[in-house]
Amino acid sequence: MIHWLTDPFTLAFMQRALVAALLVGVVCSVLGCYVVLRSMAFLGDALAHAILPGVAIAYIFGFSLLLGALIAALVVAFGIGLVSRGGNIREDTAIGILFAAALSLGIVMISTIQTYATDLTHILFGDVLGVGPHDLELTAGLAVVVLATVLLLYKEFLVVSFDPLLARISGVSPGLVRAVMLVLLALTIVISLQTVGVGLVAAMLVTPAATASLLTKRLPAMMAVSAVVGALSSLIGLFASYYLNVASGAAIVLAATAFFVLAFILAPRRGLLWRGARGLLASSAQHG
Amino acid sequence: MKPQMTRVASGIGFQLRDVVVNYDGHVALDRVTLKVEAGGQVAVVGPNGAGKSTLFKAIAGLLPLRSGRIDLEGGPPQLRLAYVPQREEIDWRFPVSAFDVVLMGRYGRLGWLRHPQAADKQAALASLERLSMGPLADRPLAELSGGQQQRVFLARALAQEPNLLLLDEPFTGVDVSVRTSTLEVLDALRAEGVTVLVSTHDLNLASERFQQVLLLNHRVIGFGVPGEVLTAERVAEAFGVHALFVGGAIVIDQCCPPTEP
C-alpha cells in the first residue's frame, strides 16, 4: 500500500508534477472563493481562453509560454474593463466578444504550427507531467504572490465583495480592488496552464470553492476547506493519471467534481439528503 | 441594564444647494436645496422612486452631482458617515457572521492593509450588545431573522461612530420589536447629537417621532416641522393619486416594496 502511494514519486517528473498540482489546487481554490461569491465564474473562464494568443505568440517566437500567457491575460482583463466601462455594452457581452475573439485568434496562430494537434491539446487540457524545473520555480513564485495578496488584502476583498457601498464610504475603492482581483485571476490562470489547461481552469476556480460554500459558514473557513478540497483533488487526480493512464488535468477536475457531488448530497443542513429528510418529516407530521 | 454605549461624537450639519442628480438617464433629484443642522433628525418621506435613496447616496458622495453642491458645516470637514442600505442591496447568503458584519464598520478608520485591533473588536461587540445581539454575534448572517439582520446593520452603523447616519427604509417590513429598538437607537443618537436622516413610507411615524420632515418627489415639496409640511395639499402633491383622505387622516395607498429577496 505504502509503495503504491510512494512509487509514482520516485520519478523526478512526478515529484515536480505533484508540487505543481498541489500549488495550483490550493491557489485556484482560495482565489476561487471570491470568484464564486462575486459571480465571476464566466469572467474567469473567458480570461483563461483569452490567453491563448499570448501562448501561441510565445510558442512561435520561442520565449516563455507563461510570460506570453500573463501578458495576454492582463491585456484581456483590462480590455473587458475598457469596453464595458462606457455602459453601452454590458460586461458579460464584452466578455463574450473578447473571449471568443481571443480564442479564435489563438487557434488561428497555433494552426500555423506543424505539430498543431499535440500542442493545442497540451495548452487546452494541461500537461502536468511535462512541468520542468524552471516552470516549477515560476509557478511557486506566482503562487506565493497570489496567496500573500489574498491574505494581505483580506479586509479589502471582504468589504468590497459583501458591501461595495460601505467599502466606498470606508475609503476602499471597489474599482481598484476589482482590478487587483483581475490581475490575481490572470496570474492564477497562468500558473494553472500546465496543470489543468485553459479549458479546465474555470472548474478549479469554481468547484472546490462551491464545495466549501456548502460546508462552511464563514469566509476564512470556506477558504481553508476549499484549499483542502483543491489539494486533495490534485493528489487524487495525479494518482488516477499515473495508475489508470488518463489525462491528468481532467482527472483532477473530475476528483474535484466528485467532492462537490458528495457535499451537494451529504452536506449537513444544506445537502440533498438533509433537505429531503426534513421534507419527509414535515409531510409525515402534517399527515400524521 | 444595557452595556456601555460606544462613544459617538456629536453630529455634523450640511447644506445642499440646487443639487441635480441623474440616475439611469432620469433626473432623480431636481434642484434640491436644504439645510440640515448638526444633531437634527429628519424623516425623508416620498413615494417609491421619489429619489430618497438617490438623495442619501448623493449626500454620501456615492453618486456624482450633475450640478449644485453639498457643503459640510463648519471648518475642515470631518465627516464620519454611516449608511444603512435597503434590504435588497445586501447579499444575505454571504458567508459572514453577525460579528464580521459589524466589524466591517470599523474598516473606515483603519485604512488599507491595517487589520482590526482589539479595540475595534470590542467596539463591534459593544455595538451588537447595545442592540441585544451579543449572544448571536457568532451566528451566520444567513441564519438570522429579518429583524435580527436589521439589528446587525444598525449595530454596524453604531460601530462606525458616525456624526451623520443615513437609514434607508429601516421601518419597512420589520416587526414591532425591531421597530421599537430602531426608535430607541434613534432616541439615543438624538441625545448624543448625531445627525440622522431616515427615509420612510410611514407618515404617522414621521410626524410623531421626527422634528423635521422632508417631503420629496424628485424635488423638495416641503421641508420643516411635520405640522407644516404634512398638509393634505402637499402630501397629495407628493403622492398623487395614492394619497387618500379618510376623515382627518391621510392614508397612503401604496404598500411597501418587497422585503425578502
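Visitor: Which residues is Gln150(B) in contact with, leaving aside its neighbours within four places in sequence?

Guide: Contact means heavy atoms within 4.5 Å. By that rule Gln150(B) is in contact with Pro170(B), Val174(B), Val178(B) and Thr182(B). Gln150(B) lies in helix H4 of chain B, residues 146-159. Helices here are DSSP runs of H or I with at least four residues, strands are runs of E with at least two, and both are numbered from the N terminus. This is a predicted model, in which local features need pLDDT of at least 70 and side-chain atom pairs count only at pLDDT 80 or more, while totals for chains, interfaces and linings use all residues; side-chain values use heavy atoms, with hydrogens and water left out. Residues are numbered from 1 along each chain as its sequence is written, and chains are lettered from A and ligands numbered from 1 in the order in which they are written.

Visitor: Is Gln150(B) buried or exposed?

Guide: Buried means under 20% relative accessible area, exposed means over 50%, and partly exposed is in between, with a 1.4 Å probe and protein chains only. Gln150(B) has a relative accessible area of 10%, so it is buried.

Visitor: How do I read a strand with two faces, such as S5 of chain B?

Guide: In a regular strand the side chains alternate between the two faces of the sheet. In strand S5(B), residues 81-84, both faces are covered. Leu81(B) and Tyr83(B) on one side are buried, as are Ala82(B) and Val84(B) on the other.

Visitor: What is the strand order of the six-stranded sheet in chain B?

Guide: Two strands pair if DSSP finds at least two bridges between them. The open sheet has the order S5-S6-S7-S3-S8-S9, with mixed pairing. S5 and S9 (219-224) of chain B are at the edges with a single partner strand each, so one side of each has no neighbour in the sheet. The twist from one strand to the next averages 15°. S5(B) pairs with S6(B), residues 164-168, in the parallel sense over four bridges, and Val84(B) stands opposite Leu167(B). S6(B) and S7(B), residues 195-200, also run parallel, joined by five bridges. Among the residues of that pairing, Leu166(B) has Leu197(B) as its bridge partner in S7(B).

Visitor: Which strands does helix H1 of chain B touch?

Guide: Axes are lines fitted to C-alpha atoms, for helices over the stretch in contact, and angles run from 0 to 180 degrees between N-to-C directions. Helix H1(B), residues 52-59, packs on the sheet and touches S3 (41-45), S5, S6, S7 and S8 (212-217) of chain B. The direction of H1(B) makes about 155° with that of S6(B). Helix H8(B), residues 232-239, lies across S3, S8 and S9 of chain B and runs at about 40° to S8(B).

Visitor: What is the order of the three-stranded sheet?

Guide: This open sheet of chain B has the order S2-S1-S4, with antiparallel pairing. Its edge strands are S2 (26-36) and S4 (67-72), each pairing on one side only. Neighbouring strands are turned by 25° against each other on average, direction ignored. S1(B), residues 14-23, pairs with S2(B) over seven bridges, and Tyr23(B) has His26(B) as its bridge partner.

Visitor: How many helices and strands are there in chain A?

Guide: Chain A has 15 helices and zero strands. Its radius of gyration, taken over C-alpha atoms, is 20 Å, close to the 19 Å that the globule rule gives for 288 residues, so chain A is as compact as a globular protein of that length. The globule rule is 2.2 Å times the number of residues to the power 0.38. Of the 288 residues, 48% count as buried.

Visitor: Where does Val35(A) lie?

Guide: Val35(A) lies in helix H2(A), residues 12-37, and counts as buried at 3% relative accessibility. Not counting residues up to four places away in sequence, Val35(A) touches Met40(A), Ala41(A), Leu185(A), Leu205(A) and Val206(A).

Visitor: How many disulfides are there over all chains?

Guide: A disulfide is a covalent bond between the sulfur atoms of two cysteines. The rule used here is a pair of cysteine sulfur atoms within 2.5 Å, and the count comes to zero.
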